Structures are given as C-alpha cells and as structure tokens.
Amino acid sequence: MPVHNADIARVFEEIADLLDIQEANPFRVRAYRNAARTVGELQLDLAALWAKGATPPKLPGIGEDLAAKIREISATGSCSLLERLRRELPPAVTELLHIPGLGPKRVRTLWHELEVQTLEQLARAARDGRIRGLPGFGPRIEARILEAIGQRRNKAQRFRLVVAAQYAQGYASWLREAPGVAQVVVAGSFRRMRETVGDLDILVTARDAGAVVERFAGYAEVAQVVSRGTTRAAVVLRSGIGVDLRVVAQQSYGAALHYFTGSKAHNIAVRKLGQARGLKINEYGVFRGSKRIAGETEASVYRAVGLPCIPPELREDRGEIEAARQGKLPRLVELGDLRGDLHVHTQWSDGRHTVGEMAQAAARRGLEYLAITEHSRRLAVAHGLDAARLAQQGREIERVNRELSGIRVLKGIEVDILADGSFDLPEAALETLDVVVGAVHSKFELSRARQTERVLAALEAPRLDILAHPSGRLIDVREPYDIDMAAVIRKAAAKGVALELNAHPERLDLLDTYCRMARDEGVPVAINSDAHSEAEFDNLQFGVGQARRGWIEARDCLNARTLAELQRWLAGRKRVRS
DNA sequence: GCCGTTTTCGGCCCGACTGTTTTCAGTCG
C-alpha cells in the first residue's frame, strides 16, 4: 500500500488535533500543523524516495524528529505517537473540532465533564440542555452547536472562483454605495485567484466604519449575521457563502489589504521578517514602537521588510519570499499577454457558434489567432469529427481566413487519446492540420501505471503538439485520474510538447503546482479557453490567474507568442518528426 | 517541535469579536 504525502499530512494533522485537545505545548501543535501543510503541498513523493533509499531534502519546519516520523509513516503507514494518542483520547473526538465555536479547550471540557466523544453524543447533550452549565459555555453556544449539527455545516463548502466572483461583485457594488466609502476590495483567496474559495473577504476604507457595517449587514442576500462589531462583521449569504468585512482608515489600506489577502502562512512569514527588524506588522500598519512607518500601500509594507511587492497569486509561502529577497520574482503572465487561443470548439462538434463567429469574437478580445479544435469521432455525443468532416471543415477555415482580416484561424483538432495511447484519427488526417491537441476523455479509472503509460505513449507519438487538460479533473465533480504527472511533465520536456492549462473554471487543469513544475522543466504552457461559445473566451482570465499561481511568465506561455513565433515552434516540431 | 548576523535556550504573528464574565478566555481568520 503506497503512502502518499497526503497520507503523511493527515497523520500530522490528526496528531496536532489530539495534542491540542490534550493541552500540549501550542507551539508543538503548530509544528505538526505546519509540517502537515508542507508535506501535503510537496510535489516530491517522500515515501517513494525513502523506499528507493534516497534521502529527501531538508524541508523548512521539519527537523530531526518530524523527519524520523515521516520515515516511520512512509514505511508503516502509521506513527507510534498517533497510535498512543488514539489510546489516550477517544479517537472520534477530533470531529468535534470541526464544529464552529468549538476549539480544543471546549472540546476537552465536553469530553471531561460530559464524556462527549462523538457528534451524536454532542447533539444529545445539547438537546438535553447539559452544555449550557459547563464552565465557559452558555445557552448561546449550546444553540450554535445544535444549529451547526442540524445544518451539517461541519463539511466545509467551497465555491468555484467564477461562482464566488458573481457574489463578490454584487456585494462590493452594494458596499460602494455606503456613505463615505473610499475603496472596496475583495481580498482573501479570491484575490489570490485560488480555484475555489471558502468565503469572501471584503476590505473597505471609509471615514465612518459604523455606516459601512450597517450597510453590510443590510444587504438583501444576507441570511444570517454571524458577528458584528465596530470595524468588522461576518455574514452568511442565502447561497451559503460566508462573507467577512473589515473596515479601516485610508492610511491603513495597504497593511489591511496585505493582512486580508493572506495567505495566512505568507502573512506569518512577512511578520516574522518584520519582527527580525524590530517591527510590528498588523492590519493597521508597520510599526516601530508606537510609530507607524508604513502601511498606506501594500508596496510600503513589503518595502519595510526589505522586499519588492509580491503579487497576490504568489502569496502561499511556497518560496516567494526567498525569491523576492533574491530579486528573482517571476514577471507573471497577464491576460493582455495572450495573443491566441489554441483550443476552441464550434458548431462542427459541440460548440454553439460558427468558425467565423468564434474568430470574430476572439478578434474583439484582441487575439491574433485561434485554433479550431473539435472533438474527434470517438466522442460521438459531441459530434466528433472523422477525417472526411475534418477535411470539409478545413475548407471552411480557409474561406474564413480569406474573408477576415486581423485574425488568423488555425486548423486543429482535440483528438482523443485512446486507452493504448494511440489517437482516434489516422495519422494522415492529423498531418493536414496546423496544430494537434490531444486529450483523454475515456477510461478514467485505469491504474496509475497504465494511465501514465497511456499518456506517455501519446507524448511519444510524433503528432501531438499540446496535451489538453492533463489531469482530467472537474472541480467538485470528478477527481483527477491517477497519473504520475511528474513523469508526464518530464516526457513533455523531452519531446518538446506543450501542456495545456485549460481555463474553464471547472477544469483549471494544470494545477498551479504542476504549472510550476512545467516551467522549471522548460515545458511551454498553453492557456486555452476550451470555448464552446463566444462568451467563454472570458474564461481566459481564470486560466491566467491559475497560471500566475503557478509562477508562469509570458515567456513560458505558448499562446503569448506571436503568430510567427508560434508557427516557427510548430514547424520546428514538424521538422523533428520528419 | 523548530530554530539561531541576539540566542543551543527561549522564543515562536497579531488583533477583533463573542459569550462568558465582572476583567477575560476561547475562537477565528
């Protein structure tokens, strides 16, 4: 049974929970939580390294003890400390921590005083009114517990970025109408362009904070006001999304924006840098003693700790601070850098519009070229093209190119990669095209070994230019198929094939961490809309956001190249083939 | 449990809000 990094992270997370309830040293607890995060995000397979007899690199926050535990978990799947803690505490008690309002202290009290160990026992105790009498509890908390269990809210719901954007924009517009408001910014993971967001964090600068809070709570979509103070409030909207508000004075705008954008780990790292310089950094500014020395802009906060301003998408404590210190921050790709789109559908398969309509829509968005890439014949539900229809479509594309100026339409295909790694159309048909995009649309359940073999075989074949949506995941719908993505990226590098970052908000595939790996391996990334209608070109913005999270620069991006450069790249690939 | 241009010991990010309290602990982000 292979042990994945996620398994190691889960063990550390559970240890942290149990230690927390045991009232262990809070910094020891934090060490386990930090380690869980570090290991969970790591792309290097630690257990595989140990199995091979190799020594993993030194990881920040993981010293001798935790490294030994990683080794133990890698070998055995478990950890003697966790086994011991599970004997000392009721194992289900960590579930209680996920109820809002319950932290380690209250969970410990519930367990010691009422012998509450499970959610069912918690519900019963609350219904019987036994909780309100406990020290540190009262009728309000008891009611909140019952409500949380009733709504089964303990399962954290996240919203796709595109969905969150709709709620965010409406709410922000509403707040801009409050008296005395200067600025309204949606910060948090939304601003960092995470693919999903758990809640919305809205920052407002205004003369009169009270008026803003009042308007915030009075929004028509508010289902519940969770908390409400003089400068801060939290609500849940009818859609279920939580929204936090923070109001500060203009002079604190940059510090508050930095604080509210996060990530938490990034903020902690920056505050530590400040601390080392004798500075205190909070949401009101950067202070030396009681004197404010920065905070009006985000750049001033970073400058105070000796760094250039770090773009929000990089703020995950994944090396961006070190890069900033060394002057090696990437110059992240921007929407305006994109000159083309290499994955577009029309009425010929399952798209809504004609070749000409899609070309004009692309031109209106400032693109210089697009590739029409229909599904191939196997995907019958999408009216996939066979060789004959593909040739027919080619003649229409030539006609459109004669009729339109300012935009160039390339002949392409999104050809199915079959289970054995071969393509769904004959070589001769693919040879007539400008660009071949290949994708997996079937047999998602293959074993890791066979799925990897399949895609590596497709990359090996001479006809593939771009591998589309490489993991196949659909956010909240379908898990990625099990595949060794590091091997795929290495093969793409070796064969000079590009990887797609599919910009559809439900895909956003490549994941950010793999974008970074592709960049490090020199694999070009194509940020493609996969548009099935004119409006879907707008999705490119989400692809760009994801690419930025993956440290992608314009020079790493295949479709940031000019048409001439792209054609040279394609021609070079053909030369290699023949 | 980690870590070190001040440290191998003694620190570890920081503040608002709630609900319980009669000055503050616990939770949260």
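**Note on the predicted model of chain A with DNA strand B**

1. The centres of domain 2 and domain 3 lie 23 Å apart, taken over C-alpha atoms. Domain bounds come from an automatic or database domain assignment. The contact between these two takes 13 residues from domain 2 and 13 residues from domain 3. Two residues are in contact if their C-beta atoms, placed from the backbone, lie within 7 Å. On the domain 2 side, strand E2 (181-186), helix H10 (188-191), strand E4 (199-206) and strand E7 (242-248) each supply at least two residues. That side has 5 nonpolar, 4 polar and 4 charged residues. Here Ala, Val, Leu, Ile, Met, Phe, Trp, Tyr, Cys and Pro count as nonpolar, Asp, Glu, Lys and Arg as charged, and the others, Gly among them, as polar.

2. Some ground rules. This is a predicted model, where local features need pLDDT of at least 70, side-chain atom pairs count only at pLDDT 80 or more, and totals for chains, interfaces and linings use all residues. Residues are numbered from 1 along each chain as its sequence is written, while chains are lettered from A and ligands numbered from 1 in the order in which they are written.

3. Now the whole chain. The assignment gives domain 1 (5-151), domain 2 (159-248), domain 3 (252-325) and domain 4 (335-577). Chain A has 23 helices and 17 strands. These are DSSP runs (helices: H or I, at least four residues; strands: E, at least two), numbered from the N terminus. The C-alpha trace spans about 80 × 60 × 50 Å along its principal axes.

4. Next, the DNA. There are 42 residues around DNA strand B, and Gly63, Gly103, Arg106, Gly138 and Gly229 come nearest. A residue is near a strand if its C-beta atom, placed from the backbone, lies within 6 Å of it. Helix H13 (264-276) is one of the elements that supply at least two residues of this surface. H13 gives the largest share, 6 residues. By class, the surface divides into 15 nonpolar, 14 polar and 13 charged residues.

5. Look inside. Of the 578 residues of chain A, 44% count as buried. Buried means 20 or more other C-beta atoms within 10 Å of the residue's own, with C-beta atoms placed from the backbone. The largest nonpolar core has 121 residues, and Leu200, Ile202, Leu370, Val525 and Ile527 touch the most other members. Such a core is a set of buried Ala, Val, Leu, Ile, Met, Phe, Trp, Tyr and Cys residues joined through C-beta atoms within 7 Å.

6. Ala560 deserves a look. Ala560 lies in the loop between helix H22 (540-549) and helix H23 (563-577). Ala560 counts as buried because it has 25 C-beta neighbours inside 10 Å. Val333 is 227 residues from Ala560 in sequence, but 8.5 Å away in space, C-alpha to C-alpha.

7. Check the backbone. The peptide bond from Gly262 to Ser263 is cis, with omega near -5 degrees. Ser263 sits in the loop between helix H12 (253-261) and H13. Another cis bond runs from Asp509 to Leu510, with omega near 25 degrees. Trp551 is not a glycine, yet has a positive phi of about 65 degrees. Trp551 is in the loop between H22 and H23. Asp317, also not a glycine, has a positive phi of about 55 degrees. Asp317 is buried, with 22 other C-beta atoms within 10 Å.

Conventions:
Buried ≥ 20, exposed ≤ 12 C-beta atoms within 10 Å, placed from the backbone.
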